[in-house]
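Hello,

Here is the structure I promised to pass on to you. My notes on the sheet, the helices packed on it and the pockets follow below.

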Amino acid sequence: MAGHWLTSSATDLGRGIDTGEVDPVDLVETYLSAIEAHPLSHRIYARTTAKRARIEAHAARQRAQGGARLSLLDGVPVSWKDLFDTAGVATEAGSALLKGRLPSEDAKTLRNATSMGLICLGKTHMSELAFSGLGYNPITETPPCVNDSTAVSGGSSSGAAASVAFGLAAAGIGSDTGGSVRIPAAWNDLVGLKTTAGRLSLEGVVPLCEKIDTVGPLCRSVEDAAHVFAALEGQKPIDLGGAGGANLRLAVLETVAFEGIRDAPANAFDQAVQTLQKRGAQIDRIEIPAVAEVMPLAAHVFAAEAYGIWRDEIEAAPEKMFPEILARFRGGALTSAADYVAAWRSMARLQGAYMVATAGYDAVILPSSPILPPNLDRLARDHDYYVAENLLALRNTRIGNLLGLCSLTLPTGTSSAGMMLMGHPNAEERLLRTGFAVEAALT
């Protein structure tokens, strides 16, 4: 039974605790033992919080026995990307620049999740300062991809995805600025939710681009994502009932999303679309000029804000950084203040145009990534390959960040080839219901 827990969904574990079939203390010990025994756990967890987890598990057991559970996920163990502050535990964001950084209190989202009974297993490895979609980090560790031992797991929430995919956490909490939840979720056959900027608190989260950074879960199901999302917000989860595949109206985004796409993700997406149509979904193929217009603005936004935030720390010790990440940050110095302001104004205008163009659809769908996980050894020795694969990996996910949307990636049934759903800003509830229906249709 305990072995089965490691592959169960977070909500199924929660229901097991409800019925008494799962004991929170035994559950946490099962996960901690699995982490200790796993040969790749050192590449997944930067550090565990075993003492905290055990204290929280005993409290969850008492609440379960007393009929006073805080939520369905009360007693369920999850991992946290190493940019969420944890009181008295190092939070280093995958960078030697922050080595030994010791926060005095938890991040707000961690406090919210704890108040709902979720148990903190530890901190997962990530791309350095969250500025890569690949998950390759020679400074700390590079987490593995569950589908390809020679490939990266996707980033920057690389360890968060690996912790769930390898059965070392029931769910993982990550962040997404350009695709950092959705890419590792897609490449490890998970569900990943990118929330709307500002929807979940960034208090106590090490920043990359504060105006674009978002917090989101990586999970085994849409139901899990809905419950973890609610816990991060400190709210009750939504009812996912009522959404059916036969009633869905979806739009395939053709603008930009299929340029340079590789065969495997293209074929997986096409097969998923055909399955949804057979289940009764109405699917249109549309072009949205606003998407093509917004993409070049990335060059004036991400690196400029990131370098503005981290310039002093970086230039005080640039030798501590992975050169590829260092170069990306320093690229932000090339953007003028005028170009940065103009880009944000254009993004707001184009968001409005996008919303008008997609108003009649439950979601806009596209491949989560136009590529599969790149080869780790080649990334380490081939600069041009690293740059090209990093930009292409994040190409489709970046659309949602630039337009301020919420977005969800789901497995298609083909390894490492996800399908992405994009919803309107602050419409996570509708997006999750749509995703729940799509998930049911695809499985």
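Two strands are said to pair if DSSP finds at least two bridges between them. Helices (H or I, at least four residues) and strands (E, at least two) are DSSP runs, numbered from the N terminus. Please keep in mind that this is a predicted model, in which local features need pLDDT of at least 70, side-chain atom pairs count only at pLDDT 80 or more, and totals for chains, interfaces and linings use all residues. Residues are numbered from 1 along each chain as its sequence is written, and side-chain values use heavy atoms, with hydrogens and water left out.

Let me start with the sheet. Eleven strands form an open sheet with mixed pairing, in the order E1-E3-E2-E6-E8-E7-E12-E13-E11-E9-E10. Its edge strands, E1 (45–48) and E10 (282–286), each pair on one side only. On average, neighbouring strands are turned by 30 degrees against each other, direction ignored. Within the sheet, E2 (residues 77–81) and E6 (residues 172–176) run parallel and are joined by two bridges; Ser79 stands opposite Gly172 in E6.

Next, two helices on the sheet. Here contact means heavy atoms within 4.5 Å; axes are lines fitted to C-alpha atoms, for helices over the stretch in contact, and angles run from 0 to 180 degrees between N-to-C directions. Helix H9 (residues 263–278) lies across E9 (249–253), E10, E11 (363–367) and E13 (418–423), at about 140 degrees to E10. Helix H16 lies across E6, E7 (191–194), E9, E11 and E13, and runs at about 15 degrees to E13.

Now the pockets. On a 1 Å grid over the protein atoms alone, a pocket is an open set of points where a 1.4 Å probe fits, with protein on both sides within 12 Å along at least five of seven lines; lining residues have an atom within 4 Å of a point. Of its 25 lining residues, Phe131, Phe302, Ala303, Arg328 and Leu391 are the closest to the centre. Helices H11 (298–316), H12 (323–330) and H15 (383–393) are the elements that give two or more residues to this lining.

The second largest pocket has a volume of about 160 Å³. H13 (337–357) and H16 (395–402) each supply at least two of its lining residues, and H13 gives the most, with four. Among the residues lining this pocket are Lys211, Trp344, Met347 and Asn401.

Best wishes

Key:
Points joined across faces, edges and corners; volume = space filled by probe spheres on them.
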